[in-house]
Amino acid sequence: MRCRSLTILVAVTLLVAATAALSAQDARFVTVTAASDQASSLLETRVSLELRDVPLAVALTRLQEASAVPITFSPTMLPRGSSVTCSCDSTTLAAALNRVLRGSGFGFLEVTDQIVIIRRPLDRPVARLAGFRRTVNGQSLDAQNISPVAMLGARTIHPPRAVPAQGQIVGTVVHATTGQPIPDAQVSVTGTELTALTGPDGRFRLDNVPAGTHTIVAQLIGYGTQRMLVTVADGETATVNVRLTPTALALDEIVVVGYGQQRRQNLTGAVSVVDVDRALGSRPVADVARGLQGVTPGLTITTQTGKMGEEPSIRLRGTIGSLNTGSDGAKPLILVDGVEVESLQLLNSEDIESISVLKDAASASIYGARAAFGVVLITTKTGQRGAGPTFTYSNNISYNTPLQTFKLMNAADQVETSLAAVRRFAPDQNSFQIIGITFDEYAQQRIQEWEEQYGDQRLSNEMVYGRDFEIRDGQLYFFRPWDPAEMYMREWTPQQKHNLNISGGSERSSYNIGLGFLDQDGVLTVNSDEYKRYNVSLALDSDVTDWLGVRSRFWFSRTNLKTPYVFQSEQFNQWYYLYRWTTIMPYGTFEGRPFHNAITETEQANLNNDEETFARVSTAGTIRIAEGLTVDTEYTYSQTNDALHERGGGVFAWEFWGFDGQLRYENYLPGSHNRVAYTSGKRQNNTGRLYATYRNGGEHAFQLITGGDLELTKLSSHRSERRSLLDFDNAELSLATGDQFVSGSASQWSTLGAFGRINYSFRDKLLLELNARYDGSSRFPLDQLWGFFPSASAGYLLTQEPFMEFTRGFLDFFKVRVSYGSVGNQNVGANRFLALMNSGSSGWLLPNGVARTMSTPGAVSPSLTWETVTTANLGFDATMLQSRLGVSFDVYRRTTSDMISSGTTLPASFGSASPVRNFGELQASGWELMVNYNQEFSNGLTLGVTGSLADGREKITKFFNPSRNITQNYEGMYIGDIWGFETDRLFQEDDFEGVDPSTGRWIYGAGIANQDALESGAFDFGPGDIKFRDLNGDGIISLGDGTVDDPGDRRVIGNATPRYQYGLRLSVDWKGFDIATYLQGVGKRQFWHTSKLVTPGRDNSTFGAAWFDYQVDYWRPDNTNAFYARPTNNDNWNYRPQTRYSLDMSYLRVKNITLGYTLPRLSYVPVDALRLYVSGENLFTLDDLGNIPIDPETGVVNNTIGASYPYRATLSFGMQTTF
Amino acid sequence: MKSVRYSLLLVLAASMPSCFTDDFLTRPPLDQLTDDNYWTSESNVRTFAYDFYTDFFAAYGTGYFTWGGYFWGSINYRSGVNDDFAPFVPTQYPTTVPNTSGAWTFTNIRRANLMLERVPTVPMSQEAINHWTGVARFFRAMEYADKVNQFGDFPWYDRVLDETDPDLYKPRDARTVVMDHVLEDFLFAAENVRIEDPLTGPQGLVVNRDVVLAFMSRAFLFEGTFLKYHGIDQSKANEYLEAARWAAMQLIEGGRYSIDNEYRGMFSALSLAGSPEVIMYRSYADGEITHSLHTYVTVEAQTGVSKDLIDSYLMSDGLPIGVSPLFVDDNGIDHVMADRDPRMAETFVNELRLSGLTSSYSTTGYAVHKFLNESIRNAPEGTNSNFNPTDAVVIRYGEVLLNYAEATAELGMLTQSDLDISINQLRARAVVNMPPLQVLGGQPAANGVAYDDPARDPTVSALLWEIRRERRIELVMEAGLRNEDLRRWRKLEYANTQNSDVNRGAWINAAEWPAGLSVTIEGGGTEGYIIPASAAASQRTFIDSRVYLSPVPLGQITLYDANGATLTQNPGW
C-alpha cells in the first residue's frame, strides 16, 4: 500500500517530465530554446579587439560591438577615471570580461540572452558570482528569476536587424509614488533582444519591434520589476507609461531554499538569510556556529563553556521542541550543499557561499522527517566559468585572554568561615582538617602573619619549611596563599587562521579550491591544550553535453584537539579541582618537587589526542530535458572517523592528602589511571536524491518539483584499554602489561521520502506554495513506518495593488506571508517500540572480570507513531523610506502534537516506567523581528544598521499529570520554569524569642512565619538564615503538597529559557575605511544552580572547600545586612531555589568591533583588492550577575556552573587579498 | 543524443521505486536484544541474573559514600539510626511523609517475576529450569522480605503486570501473608538451587543453596522477632523463628562451613576466596570494582563508636564490665582495651584519634581497626578516595550461628548444646578464644559462674541479653544489622543520645593532649568523656513508634485514591 503510493508519486514525476519534454516543441518555448540550442553560453562567444587606456564604459561598449552579445550595464555606476587595457585575440567573451573588469568591483552574469554587469562586494572574488547561473541544483536562471539587483540599469546598443513587420514603442518610466521621471531604467521586450535605457527625462524608445503583442519589462535596481502588455502594429508607435515602485535592497536577494532558489521578494515561508560576509567575515571566531550567534532571529546558539572545539548548541524557535529530542532539543537540520553535517566545527567559514534558515513547516517540510525543527541551508563556493584563476588569501592572527577568573576567599577569612560552618553543629570545635591540612586558630594566625610579612614580596615558588608550611604535633599546616587561576592560565594565548581560495573555470567547466587552517592554543600555562583544524574543499562543475551538467564536491576536514589527561575523578575535571580548595593549597614546590594538586596533575599529564576526520564526496547530475524542465540526481557519501587516544600514567608529587605525619614523594594515583585507551568511532552516511523541476514564467508563473530522497546512517564505536604502562611517557597498547578492557556499540537508522512542491505566482503579486511529503523512518514500528505531511504558504504583495497607493512615499514594498503545515518528527529516540534489553556492567566482579548483565525489558506501547510538528506562521516584509529601511516580522506557533510521553501515571506497583504513547503536546510560540537600515550620504559615507530581536517560549499544552505535580511536566508549564521561594531577607535575632532550652531550637517571634517544615536533620533556622516570604499568608513556610494548586509558598520565580535574544550590527564605510560593531545579547533569563560559586557551602560536602572572595559578605552578628546566609556545611536549607540567589543571566555583549581599511588599487601592485583590519571579539559585557564572576553564557558542566573552561576575549588582526 | 538522455532518465526512474521498500526502513537494533529474542540459553539466563547481585549484595558498594553508608545500611536505603555510632550530628528520625520514595519500588519484583515467567521457556534441562526458577524466587523473596522489613504490609505480586491489570491498585497484603509467600519462595529455592554451580562462578561469589539458606535465616529471624516484639502475631512469629532456625540448622548440619581462624582478616582481605566462614562475598579489585571504605579507615575522618558499644564488650573472663573484677576504668585507651574480649582489639586501634589533632580523627576518639589492611595502609589504593580493593563479606557462617542461637532462644528451646554449636564456636575462634557461654539454671554463666549484667535492660532476660550482646560484638559495623536488630526488638530508644552513652566517646584529659585538640568534654571541664553531638538541637530522641515502619509515599496513596482504590498509610504517619 505504502510502496504503491510512493510508486505513484514517482510515476507522477516522470509523467510531468515527459509531458514537459513533449511540449518543448510548443511555440511558447521556441524563441528561448533557440538560444540554448545554438550555443550553451553567450560567454563562449569569441571576440578579438584591442583596447588601450579606455574608460571601462567604453571598453564594455566595444566588447558588445565586437561580440554582438548584448551587455547590460549602468554607466553611472561604473568607476570613473579608471582606464582599461585589454588585448584579445579570439578569446572568449568571459575571459575578456574578466580582464576588463578585474579590480573594478564589478562582475558579470549571464542571463539567458544577455550579459549583465553587476557590482560585487569588495572582498568577494569574481568567481562567487558564477553561482547564479549554475545553481546548486543546476537550474539556469532565466531573466525573470534574476533579481533586478543584477540589472544596474543599462545602455545597450543593438546590432540592427531587418524584420518585415515592425513598429515602435515609446514611453516614460516614472517613480510610482512621486511621479518623478526615472533615468537609467532598463526597458526590454521579452522574447527579443530589444532593450533600451531611459534618459534623464525618463523617456525611452524601442525601435524595430516586431508587430504583435509583447510583454515589456521595466526594471532598475531598487525598484520592483514591472511587466506590461503592449500591442505593436506594423509601422506604428505604441506609447507606454511605466511606474516603478521602489523596493529594499534586501528583498532582491537570491535566496537558497529547499531544492532551489527564490527571489526574496517571492518568498512565502519564514526564511531568514544570513549575510555571510557580515556575520563571519573578519571575525576571529573558530567556527561558523559561534559566528551565527544572534544573527538570525529565532536561531539560538549557546555554549556551555569556553572550551576549544566544543560543539555549540543550535536551537531554532524554542529549546526542546519535543520532550523526546534528548540532547538535540529543537535543533534544526543543518545541511551543507544539501546533505546533513553533524558538526559545524568541521566547516571552514571561508568556504561558505550562503546560509539560509528555513523556519516554518512550509519552508522546511520538503526535507521531511529530519527537518521537524527547521533547516539551516548552507551552500559552499563554486568557481566561475570562463574566468581566469582568482586567488584569495585571508588570514587572522589573534590573541585570546580569559574573560573571568575567580578569586578565592582570603585564606584567613576562609578558616574563620569554615569554622563558623562547622560550629553550627559542633559549637566547641575550633579546628578541622581537610585533605590532610589542618585549619585552626594557629593556622589562621600564621596565615595572617605570612600575609603581613611576605604578602607584597615576590618569592620564588619553592616553599620554605617553617615559613610557608609546617608539621606541628603531627599535623600539617600551610600558610602561603596562591592564586591557582593565575598559575594555571596564561594571560594571552595565540590563535591563527589562514585561508586560500583558488577559483576559475574554462568555457564549460569551473572549479573552486578552498584550503583552510586554524590553530588555537588553550589557556593552560603548562602542558597547554591545542586545537587545530585543516580543511580542503573542492568543487567541480561541468557541462558534459548541452543537456547534461555534472557536479562534484569533495570536502575533507580534520580537527585535532589535544588536552591533558585528567587524573582526578572522571566526574569532574581540573577546573573543578582548581577552584575546589582554599588559597593555601600548596601550588609551590618543596625541594624542587611539586605537591599533589590539580596543576601538578596537568603538568605531568600526557596529552590526549582527539582526532576527527571527516570526508565527503558527492556527485550530481542535471539533465536538461527541455527549457524549464530538468531532472537532478545527487548522491553523497560522508564518513566521520573519530579517534581518541587517552594517555594516562601517574603523577609523582608530595602526597599530603590524608596526612598521617609525614610527606611522601610518590605516585599517589591508583592503578586505574595507569592506562592507555584508544577509542574510535565511525559514522557513515549515504544520501541520495532524484527529483524533477519544471518551471514556467509569464503572468501565471509556476514551478513544480517532485522527487524522492533516502538517507542511511550507520554508526559504530570501539574502545580498547590496557592498564599498567611500562613507561608513563609512552602510553601505547603494546607497551602495557595489565588488565585489558574492550567495549563497543553499533547502530543504524534510515529515512525515505517522496515529496512534491508547487510554486505559483500571479503577476508577482499573489504567491502560493504547496508542499507535500510522504515520509518513512526506521524509528517506528513496521506498521507505522510512514507518515504524510502537507504544508502550504502564500504571499500577497500589497504594494502591487492600486488601493495601496496612499502609502506610497512612505511604504515602498509590503508583502504579507502566511504559512501552515506539518512535518513529522522522528527524533524520538531509537527503538522505543521494542522491549529492549540493554547490555551493561553488573558491577559484580568475578575472577575473569566484571560480569555483564542485561537490563529488564521495559514496558512498551506497540502503537507508537510519528510526532507531528505543525507550524503556523504569519509574517510581513516591508521596505520604507526609499528602500533605506527594511523590516521583516514573523509570528509563529509551532505545535508538537502526538508527543510521545506517558499517557497515564501508573502506580509504582507496575514495576517499570509507564509505557509511552503519542499523548502529549508542546507548543512553542514567539515572534521574530529583523530590521535593516542603509544609507549612503553624498560624501560617500555609508551607514548600515542590522538588528534582530526574537522571543519565544515553549509550553506544555498536554501532558498526563493530573495532580499537576510541579516536579514533573504539567499542562500549562513553560519549559524552563523555576519554582522557588521568594526571599524576604535574612533572619535577625529580633525575629526570635530565644532558644528553647530543652530542644536547643530557636523559637519564632510573633508574626514571623514558621519555617520548620523546611528543616531536616539537626538543622534549625536561626538568626542569619534565610527568611522566606509567606506567600500564601498562612503563617507557615512550606512546600505545600508540591502541586501547582498547592505549591506552599513557592511560585515560579523565573525561567531558564533565553528570552528577547537580540543582535545589532552597526557599520560605517567611508573612503576605504570600514568600521563595524556587533552586539549580541539576551534580554531575560534566570537560572538556578547550587554550585558553590553561587550558593556558598551548598555543594561543599566537606568543610573547608573553597569559598570565594565575594562570599565573605555573609551574616555575622556584626554584619547583619549581608547578602549571604550564615555559613553552614552542605546547606540544603538556606539555599533552596529562591529569588535572592537566582542568577540573572541576561546580558549585552559587544561581540565584535572591526576596523578595516581597503587599499586603493594601484596599477603597479599586482593585487586586485587588499583589505587590512583589526578586530576584537567579546570586548565588553554588561550583565546583571552582581559580583558573581560567572560568564552569563556559561552552562552547567559536571554538575557545576562557572568552574569550567573560561570564555575568552580576543584581539586580532588580519588581511584579505585577491589577486 | 536525445535517446541517451531519455534512457538515462528511464534508468534513474526505474531505480527509484526499488528503493521504496519497507526493507530499507527495517533497521533492528544492532547492539541490543529484545525480550523476544533474548531467552535462548542457560547462559543468557545466568547473565540476566547478575543484575540482581549488587542490589541485594551491595556490601561496601562502589564509589563514594560517607562513613557509615555500609555500617548503617544506608546503601540499602535503611535508616542510619543505631546505638553503635556517635556522630557530631546524629541522624534524626524522619518526621514527614515523602511524596515519593525510592524504596517504594517494584522494579526488582517485576524483574524477578519476569525471570520466573521466562525461565521455563528457555531450552535447557529441567534441573536447570528448577535451579534458575529457584534463583528467581530467591531474589523475589529477598526483595519482599526487604519491603516488609521497611514498610510492613505490602502488595504481593507473583506475575508481571500489564498496564491495564486491575491488580495494579491492589491494597497492601498483610505482612504475614507476604512473608508466607516469601517462605514458600525460600523453601523452593532451598530445595532447587544448586549446591554448587561451577559454571555460574566460583562459590562464594554466586547464589547457591547455602546463600539461600543463610539469607533465609536472617530474613525469618527478623520477621519472627518483629512479629513477636511488636505483638503482631505470635503463632506466625513462632513459625518464622522455626524457619530461621531450620535454615541455620541446614547450614550447620551441611558442614560445608566452619569458623575462620581470622576475625579481622575477613574484613580486610584483598581476597576472601577460600575463607571457610564466608558464605558469600563481594569481590573488589584495583581498576575494576573498588570502594571507599578503606580510605575512611586510613585517612579520612570517621564517625567513632559510642561508649555504649565499647562498654558492651565483655572482659576476657567472659564477664561484663559491671561484674568482672578485671575491669578498672576507662581512663585512656590502654585501660579500655586491657583484658577485654580480643574482638575489641581486632575492631579498634589501640590509640585515640582526636578531632583537631589529625585529619583522620574519630568523633569519639575510638577508631576502627576491623577493616584495615596493613599491606595497603599507605598505598594509593588504600588511601585514595574510592579506589579501595579489599573484598567484602556479604553473609557469613558466623552470623548464621548467631541467628540459630537467637531463634532457638526466642523459641524457648535453647540448651547448652545449642550454644556450643553456635555462639561458643565463635568464642572458640583462634584469635578470640573467649570462655564459652554457659547456661546455669537458666542464667548466663562464664567459667561456671552465673552472672547478671547490671547494665541489662530489665525487659530482656539475662540469657537473651547475652545472646544479643554476642551478636552486637561479633557483627559490629556489619551491613547495618544493628539498626535492624533494634527495630525488630522494638528497642530504638537505645539509640537516644540525650545524656546517654550513645553520645559519649572516650574519656580524656585535655591537658595530656596538644593544644590543637578540638573536642567537647562532658561538663565543660578539661577531663571527662568526649561529647560528639554537643549542640542541643542535634540530639535524637525516640518519640513515636511509628518510625519502626517507613511511611508509605503520599504520591502513591493519592494515585490509588484517584483510581478508586485505597492504599493505607502506616500507623502514626
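This is a predicted model: local features need pLDDT of at least 70, side-chain atom pairs count only at pLDDT 80 or more; totals for chains, interfaces and linings use all residues.
Residues are numbered from 1 along each chain as its sequence is written, and chains are lettered from A in the order in which they are written. Local features need pLDDT of at least 70, side-chain atom pairs count only at pLDDT 80 or more, totals for chains and interfaces use all residues, and side-chain values use heavy atoms, without hydrogens and water.

The contact (heavy atoms within 4.5 Å) involves 109 residues from chain A and 91 residues from chain B. The area buried between the two chains, defined as the accessible area (1.4 Å probe) that two parts lose on being put together, summed over both, is about 8400 Å², with 62% given by carbon and sulfur atoms. Of the area that chain A buries against chain B, 10% is supplied by Trp547(A), Trp844(A) and Leu845(A), more than by any other three residues.

On the side of chain A that touches chain B, the largest share, eleven residues, comes from strand 39 (residues 740–762) of chain A; strands are DSSP runs (E) of at least two residues, numbered from the N terminus.

One salt bridge (a side-chain nitrogen of Lys or Arg within 4 Å of a carboxyl oxygen of Asp or Glu) is found across the interface. Arg917(A) forms a salt bridge with Glu163(B), with the closest N and O atoms 2.2 Å apart.

Conventions
Helices (H or I, at least four residues) and strands (E, at least two) are DSSP runs, numbered from the N terminus.
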